[in-house]
Amino acid sequence: MIPEIGQFALVLAVCLSICQAVFPLAGAATGRNDWMMLARSAATGQFVFVAIAYVVLTYAFLNDDFSVLFVANHSNSQLPVAYKFAAVWGGHEGSLLLWSLMLALWTLAVAHGSRSQPLEFSSRVLGVLGIVSAGVLLFTLLTSNPFDRLLPGAIDGADLNPLLQDPAMVAHPPMLYVGYVGLAVPFAFAVAALLTGKLDKNWARWTRPWTIGAWIFLTGGIALGSWWAYYELGWGGWWFWDPVENASFMPWLMATALIHSLAVTERRGIFKSWTVLLAIAAFSLSLLGTFLVRSGVLISVHAFASDPTRGLFILMLLLVISGGALVLYAFRAGNLESEGGFKLVSRESFLLANNILLVVATIAVLFGTLYPLFLDAMGLGQISVGPPYFNMIFLLPMLPLALLLGLGMHSAWQKMVPGALFSRLRWIGIATLVVAIAYPLVSFGSTSVLTIIGLAAGIWVTLSSLIEPISRWFNSRAVRLTRAQWGMFIAHLGVGMFIVGATVTSAFNIESEEAVRSGERWEVAGYEIEFRGLSQVEGPNFMADEGEFELRRDGEFVATLRPQQRQYLVQTNPMTEAAIDDRWYRHIFVALGDPLGDGAWSVRVQYKPMISFIWWGCIVMALGGLLAATDQRYREPVKQRKERKSPGNAAVAQGST
Amino acid sequence: MKRRQQRMLFIGVVCAGMIASAAFLFKALNENLLYYYSPTQVAAGEAPVDRQFRLGGLVAEGSLQQATGAVQINFLVTDNVHSIPVEHYKIPPDLFQEGKGVVVHGTMNADGLFVADNLVAKHDENYMSPEVAESLAEAEARAGN
């Protein structure tokens with residue numbers, strides 16, 4: 001009975017989302033206030049019913065209701081409670097429901113955070129979000145209903161895939177989804193601006209915190225996924241250019257470009273149509289990502305086996321939502337006029353370069369991701385694109401981006417005297433070169449051109465992000481940085497840390513796979529490792545062989561590591577659980593392989609210098625975003641705008657419907 | 001320069017840049033493509049000798065041999081019609097098992113032995129890579145004729 005309540009709530013949510021789409025948009029077009037006023041209540045109602053459906057599904061998992069097909073397929077009575085809770089998004093149907101819930105949450109937040117905006121505008125935003133909601137909810141209900149019954153019910157469930165039974169499973173998917181789905185908000189703002197025909201600095205001020213908010217979650221979600229893959233899959237890699245990783249990374253790149261373009265639009269009233277296009281592209285890529293991951297066209301850890309009708313439905317949804325927005329853009333973008341100009345050397349120019357380079361990188365990644373699918377669909381053979389392609393085409397635009405980032409942060413708006421920029425940054429430049437050349441030689445005793453270039457990029461970004469906050473700290477008469485400026489410097493510091501970590505790890509990681517017996521010692525990267533023996537341990541729903549390894553350096557004890565080889569009881573897959581001795585400057589990663597006969601085991605040991613900087617960098621980036629998004633000027637309600645007399649604004653206003 | 005000329009110059013530069021980057025992109029892509037072959041195709045001599053490619057099929061039952069005391073395995077990849085011997089010098093992934101699907105990356109040596117530097121097994125015990133499923137079906141169809 002209870003699952004049917006969930007089903008019913010889902011149907012009601014679809015109805016309300018359609019109301020939320022139709023009435024506010026129609027009301028805004030015809031000037032009917034009562035229809036526009038409906039938007040907020042419809043959004044609230046839709047959230048309530050999606051939440052009910054979600055709670056019901058969670059309830060079915062927690063109570064082991066194996067008469068629900070989705071629960072029977074993805075849970076088991078022996079599954080620990082935290083994973084029963086997380087198993088809701090352990091399969092296709094439930095993860096779509098999570099998608100809808102996140103969208104409903106964002107919509108609710110927008111509905112109640114947009115009270116200071118003109119009614120016509122806010123109802124269009126909610127209307128557009130309603131269209132997206134209706135599409136996704138219909139998709140869930142028609143092709144992937146999580147409440148489908150299995151009659152008679154199963155005695156016990158098929159269990160959650162052991163790969164997913166990890167603490168990161170509780171955090172990574174929801175976080176990524178919040179980010180993914182959050183890009184619907186700037187998209188809706190952009191489409192509403194096109195419909196209204198009015199896009200001014202206030203628009204950018206409304207849109208910016210939402211975009212940064214979604215970006216923070218996307219950053220965190222991707223970083224968590226990378227960290228999870230690093231320790232769980234047992235290979236010790238942190239990024240594989242897997243199509244599914246790319247699917248989340250492309251919206252991130254576009255969202256990053258969008259944040260920077262919005263900065264220009266907010267500050268200077270230019271780059272308007274470009275900003276709108278980026279907002280459309282970012283959300284389209286996140287829909288495309290959903291399509292790639294959920295349709296089963298990709299072979300990946302994330303691809304749930306599924307049927308082709310689902311793929312077709314998402315593709316149609318993508319066509320309607322993105323295609324519709326692009327058509328609207330084609331007709332209306334001409335109305336968006338710039339309110340000023342800028343010189344060649346100015347912050348605007350550097351931000352423009354940032355945008356171009358990020359878009360180029362996105363296109364290159366998109367190309368490498370879709371090309372194999374295209375060839376396969378055309379029947380021209382099955383190929384895959386190797387990581388060297390992605391490394392090369394991604395690094396080429398990113399290195400100049402790192403250089404320009406440092407320059408752009410220290411440039412003034414509108415016009416910057418090149419000499420002043422040079423004198424401000426020359427010492428940082430010199431310090432960067434010295435450290436980039438000396439550090440690898442001193443720490444690792446070797447270097448290469450690529451290492452120096454990568455390190456120089458990372459250190460340059462790091463130092464140029466630090467110099468301004470530090471110099472103001474020591475100069476008591478200097479104007480204090482605003483919170484948004486703090487955010488910018490800190491986020492860029494995170495970028496620098498990330499580049500340093502990624503460069504050093506790639507250049508100096510040492511990997512060894514050995515066949516060892518109990519009591520044997522061997523050396524990896526100056527560390528002595530002793531295999532102390534093997535024992536059997538028992539988990540809540542698995543048995544494991546646990547190895548004990550002692551790590552020593554120069555005869556001194558460093559750590560004891562206990563990697564496991566698990567055998568789960570229901571899905572009898574073996575699972576490697578690596579053990580990591582993590583210090584901020586290096587990780588030692590030990591994974592137990594297979595018994596090789598004769599008492600020997602294969603053991604994989606990896607030395608990863610500076611690898612934690614990759615994730616710390618992401619955390620610092622997200623922290624910077626948090627500071628920027630919570631700046632004072634976004635919190636005070638925007639004052640009722642007076643019609644400004646500037647000619648640019650008047651022209652835009654005339655284009656309104 | 002007049003405004004019009006400036007604009008033409010700008011458009012020209014942008015177009016040239018786009019063409020150059022597209023050419024570069026295709027070149028980079030072509031150098032890093034990994035083609036997929038089934039055991040039957042390899043047996044027919046269709047696979048390249050000097051270039052990396054991917055080979056997919058099932059790990060033949062009873063063919064997996066663990067070298068004693070060394071990190072080395074040998075096994076046969078089969079589509080139930082032809083089988084190709086594979087050698088691998090790393091620890092195989094968790095879900096690598098006899099009778100299950102596998103895709104191996106590597107090169108064919110002169111003796112007809114496939115030396116794999118990467119094994120990809122599936123993430124879930126019931127799911128098979130579409131590529132492998134397709135080549136199994138194809139091999140069955142060919143054998144039936």
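Domain bounds, as used here, come from an automatic or database domain assignment, and for chain B that assignment gives domain 1 (1-33) and domain 2 (35-144). The centres of domain 1 of chain B and domain 2 of chain B, taken over C-alpha atoms, are separated by 42 Å. This is a predicted model, in which local features need pLDDT of at least 70 and side-chain atom pairs count only at pLDDT 80 or more, while totals for chains, interfaces and linings use all residues. Residues are numbered from 1 along each chain as its sequence is written, and chains are lettered from A and ligands numbered from 1 in the order in which they are written.

**Confidence**
- The model scores ipTM 0.85 and pTM 0.91.
- Chain B averages a pLDDT (the predictor's confidence in each residue, from 0 to 100) of 84, and 91% of the residues score at least 70.
- Where pLDDT is low, the predicted coordinates should not be read in detail.

**Contact between the chains**
- The contact, which counts two residues whose C-beta atoms, placed from the backbone, lie within 7 Å, takes 36 residues from chain A and 26 residues from chain B.
- On the side of chain B that touches chain A, helix H1 (3-31), strand S1 (33-37) and helix H3 (130-144) each supply at least two residues.
- Strand S1 (residues 383-385) of chain A runs antiparallel to S1(B) and is joined to it by three bridges, with Tyr35(B) as the bridge partner of Ile383(A); two strands pair if DSSP finds at least two bridges between them.

**Strands around S6(B)**
- In strand S6 (residues 101-108) of chain B, six of the eight residues are buried, that is, 20 or more other C-beta atoms, placed from the backbone, lie within 10 Å of their own.
- Strand S2 (residues 53-59) of chain B pairs with S6(B) in the antiparallel sense over six bridges, and Leu55(B) stands opposite Val104(B).
- S6(B) is also joined by seven bridges to the antiparallel strand S7 (residues 114-121) of chain B, where Val115(B) is the bridge partner of Thr107(B).
- The hairpin of S6(B) and S7(B) has five residues between the strands, and Gly112(B) there takes a positive phi near 80°.

**Sheet in chain A**
- Four strands of chain A form an open antiparallel sheet in the order S2-S11-S10-S9, with S2 (510-516) and S9 (579-583) as the edge strands, each pairing on one side only.
- Five bridges join S9(A) to strand S10 (residues 586-597) of chain A, and Asp582(A) stands opposite His587(A).

How values were computed. Buried ≥ 20, exposed ≤ 12 C-beta atoms within 10 Å, placed from the backbone.
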